[in-house]
Amino acid sequence: MPQNVEKVLDHENLFREPEYKAMFDNKRSQFEFRVPAEELAKQIEYAKTWEYREKNFAREALTVNPAKACQPLGAVFAAVGFEKTLPFVHGSQGCVAYYRSHFSRHFKEPTSCVSSSMTEDAAVFGGLNNMIDGLANTYNLYKPEMIAVSTTCMAEVIGDDLDAFIKTSKQKGSIPAEFDVPFAHTPAFVGSHITGYDNALQGIIKYFWDGKAGQGTALTRIPNESINFIGGFDGFVCGNLPEIRRMLDLMGVEHTILCDPSDVWNTPTDGEFRMYDGGTTKAQVEAAINAKATISFQGYSTEKTMKLIKEHGHDTTSFHHPMGVTGTDAFLMKVSELTGKPIPKELELERGRLVDAIADSQAHLHGKKFALYGDPDLMLGMTAFLLELGAEPVHVLSTNGDKEWAEKVQVLLDASPFGKNCKAYPKADLWHMRSLLFTEKVDFLIGNTYGKYLERDCGTPLIRLGFPIFDRHHHHRFPIWGYQGALRVLTMLLDEYFEALDANTIGIGTTDYSYDIIR
Amino acid sequence: MSLTVEENKALIEEVLKAYPEKTAKKRAKHLGTFEDGKPDCGVKSNIKSLPGVMTIRGCAYAGSKGVVWGPIKDMIHISHGPVGCGQYSWASRRNYYIGETGIDTFGTMQFTSDFQEKDIVFGGDKKLEKIIDEIEVLFPLNKGITVQSECPIGLIGDDIEAVSKKKAKEYEGKTIVPVRCEGFRGVSQSLGHHIANDAVRDWVFDKVDPNKNVFESSPYDVAIIGDYNIGGDAWSSRILLEEMGLRVIAQWSGDGTIAELENTPKAKLNVLHCYRSMNYISRHMEEKYGTPWVEYNFFGPTMIEKSLREIASHFDDTIKANAEVVIAKYRKLIDETIAKYKPRLQGKKVMLFVGGLRPRHVIGAYEDLGMEVVGTGYEFGHNDDYQRTTHYVKDGTLIYDDVTGYEFEKFVEKVQPDLVGSGIKEKYVFQKMGVPFRQMHSWDYSGPYHGYDGFAIFARDMDMAINSPVWSLTKAPWKKAA
């Protein structure tokens, strides 16, 4: 009997005990009728070959282990970033259970969101009644100041009209006529979670700027000196947005962050559950029309939003997740250019310290080969940072990045001697990446939690950067943006490098001559 | 002590006040108190969730792909439709299995048809055909394919049955199972379980080749039904059945294979853990193959003992005697576990809200540790679940069916339990409130909780949740004094 009260055996050890091992062997040999060991071994090896890779890349219909989610997830992210706002997803209810779970597993925080719980009858007759009752229930029960509506694929396929449904709901008295219900259609079969973020954010801004869906008057822009900042869909939002605020405050720049979930996904444990906390206020959204300029940190995540804002006369700039020294330089110089405010000494000092850190450590990263995957903006930012460190971003892959994105990555690669023999892979998934890692080996992999399966299969150490990260805690609480954020990312890369080096030299009496105390 | 019947009634009335009248009236039917002697828990169940109330429920797809089919490890389960459903349910249920993932097993992978607008407009059948072809090229050792329908499939009129039949023929009788588990069907995960069970009946049982995967039967052959091997639950259960001399020929569906499914009708007895999700196929096997089934409960020593004896009663004296040997063998472990943890947990109050069998099945395990369950409810239970619950709960237990976020928060605020056991969506709400919490779907990434080996882990986990020093830190000392 393996279990022991004094030292309880958890799953990772319990099932290695001889009783269990014998049981597994027995199950396998008698009842599973698995493929013969020889055939299995053959396929394991075959799946590592160039020939398999070619077949793998010839895929046209099947997606295996994608690195993207669907639109409404991003819409919920966007809605959560506004003060006392409850996301309301019109369609099947299971979707909402999934979004809430997904975010809670990443942020280790509650995520409040409701569904209109459409079922078969709604599929036939439309979901109007679900909208009418749903808005009334949400309004009464959770006392939001705004309900931001988006859609699941079910509602999109049957063609429910959000604008009309919300207006009808108001006419029927489900919520007060003046209650704010911005909305966005977010079909899951178009784009990805970043598209949903974009649609929902655009929906909210449009609602407040362009006359509340015909129920108010459009705002007139009276330009002032402030600027707007939009972060885009970002798993590190709880660390990143406060860092952006800090930098802009240091510069003395009057600013508004449009969509800021960094408080509600970072509430204290002090005896009180805060369903709402922080977030951009409605007044801020309205006032934001007057800003002289709007900066997006993630252009692919905000295409439509930035288009709308530009149409309102703003000077708009879209970055692609700028990271590291030059990325942060470019951002700060843009802010300085837009506002006429100089970049202060404090930030110069931070920059210098980051450069100092890179200079201290560059020898360890120089020429190291990386594979990375994730959202298109993050990939551009991280690729640039790796090149800046003298590392080689050999495989840059994005499931929700398209051909045009790949060309942008290629421009970055072509501009650096470290980008030689590196390539971007648009609309590819992690099974493609598996073939890449087997056929063209790299030293490290950068990606989200799902990358651990690649680490296991290919032996490439994983550095966790992206969304979601389920299996490591609290990463999202720290910034990866700005000079401070770059310092953290640099440290992550180095930690993994040193861990790998130590692991590779730990053999007692065999390799431990290199098991150095000073690195 | 739990609240009295009257106090519960007042609490429910108070909570219902927040709702619009129409909604309050409907929700009232789902909230109640168990009273001794009553045949059920006095609540309505398996009814549509109300829009906008923040139900905790999922959908039929979650019930089929996420629960029933997903764990069958040597088949490839295609999440057919847009990318999200498969992404959010990817490897999150901790259905442990052994195999070479991506080569001969596929449990922790996400296969999706990643529907685009053109697939919605022109239909996805052609794409599905191509996907199956590509699977055969890249994953030739798979033993079968299931097509797990997401919402759009049923709405755009795709004929996945025709595609499955055609492709099965093309690939020489390969098992290809179309599952109509679109998320809008039914009122919760529950219909998805049923649809998935029916798909096994129609597309596996009815097509089995009797000359394939043959083994010699024994009089002691049983199948474990309704154990998803979360954190290894089915394994810490199987070991007990085998120690008492039974031969487990199949696991449904945790760490299960298609061969095990196909051979299950050869079992002499089906032992059923999660009644809710697999009673359908158990009843079918009873009707069609004459296989009897028995429910059991492997949470906590009291229920394990009872269940081992109950299962043994279906067999001869050797097995009955063996059951006693197994019970005696683990007595020391159990006595030590209880001696260690009961003094630390005695009298602690628990509120549960979970799915499947757990809102009742785990009560005995808590009671073995001297704890008291004062409130419980089912995410997607039916009336037969609430009837079965009467054997577990005490007079005055607060019952909440398909509880809403609002209700659960208010109930916990008022009842002030020492522990809440529910899911990931609820976990952080209650921890923020300073209430210890354990996820009782995923075992909070721990487990197994089934069997004797699992009970030691369960007891340790409940102790660490409740007696963590962190709960004394939630109030700043300068505020405590005030």
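Me: In which strand of chain B is B:Ser253 found?
Reply: This is a predicted model, where local features need pLDDT of at least 70, side-chain atom pairs count only at pLDDT 80 or more, and totals for chains, interfaces and linings use all residues. Residues are numbered from 1 along each chain as its sequence is written, chains are lettered from A and ligands numbered from 1 in the order in which they are written, and side-chain values use heavy atoms, with hydrogens and water left out. Strands (E, at least two residues) and helices (H or I, at least four) are DSSP runs numbered from the N terminus. The strand that holds B:Ser253, residues 247-253 of chain B, is β7.

Me: What is omega for the peptide bond that joins B:Trp252 and B:Ser253?
Reply: Most peptide bonds are trans. The bond between B:Trp252 and B:Ser253 is cis, and its omega is about -10°.

Me: Is B:Arg94 buried or exposed?
Reply: B:Arg94 is found in the loop between α4 (84-88) and β3 (111-112) of chain B. Its phi is positive, about 60°, although B:Arg94 is not a glycine. Buried means under 20% relative accessible area, exposed over 50% and partly exposed in between, with a 1.4 Å probe and protein chains only. At 11% relative accessibility, B:Arg94 counts as buried.

Me: What is phi of B:Asp114?
Reply: B:Asp114 lies in the loop between β3 and α5 (117-122) of chain B, and at 10% relative accessibility this residue counts as buried. Most residues other than glycine have a negative phi. In B:Asp114 the value is positive, near 40°.

Me: How many residues of strand β2 of chain A are buried?
Reply: Strand β2 of chain A covers residues 85-90 and is largely enclosed by the rest of the structure. In a regular strand the side chains alternate between the two faces of the sheet. On one side A:Thr85, A:Pro87 and A:Val89 are buried, and on the other A:Leu86, A:Phe88 and A:His90 are buried too. The count of buried residues is six of the six.

Me: Which residue of β4(A) does A:Phe88 stand opposite?
Reply: Two strands pair if DSSP finds at least two bridges between them. Six bridges join β2(A) to strand β4 (residues 146-151) of chain A, and the two run parallel. In this pairing A:Phe88 stands opposite A:Val149.

Me: Which helix joins β2(A) and β3(A) in a right-handed β-α-β unit?
Reply: β2(A) and strand β3 (residues 114-115) of chain A pair in the parallel sense over two bridges, with A:Val89 opposite A:Ser115. A crossover is right-handed if, with the strands pointing away from the viewer, the path from the first strand over the helix to the second runs clockwise. The helix of this unit, residues 93-107 of chain A, is α6.

Me: Which are the edge strands of the five-strand open sheet?
Reply: The order is β1(A)-β3(B)-β2(B)-β4(B)-β5(B), and the pairing is mixed. Within it, five bridges join β2 (residues 76-80) to β4 (residues 145-149) of chain B, in parallel. Each edge strand pairs on one side only, and the two are β1 (63-64) of chain A and β5 (176-179) of chain B.

Me: What kind of pair do the rings of A:Phe77 and A:Tyr197 form?
Reply: Rings of Phe, Tyr and Trp (its six-membered ring) pair if their centres lie within 6.5 Å; planes under 30 degrees apart count as stacked, over 60 as edge-to-face and the rest as tilted. The structure holds 60 aromatic pairs over all chains. The rings of A:Phe77 and A:Tyr197 have centres 5.7 Å apart and planes at 65°, so the pair is edge-to-face.

Me: How many residues apart in sequence are the parts that A:Phe77 and A:Tyr197 tie together?
Reply: A:Phe77 is buried, with a relative accessible area of 1%, and A:Tyr197 is buried with 1%. A:Phe77 lies in helix α5 (residues 71-80) and A:Tyr197 in helix α11 (residues 193-209), both of chain A, so the separation of the parts in residues is 120.
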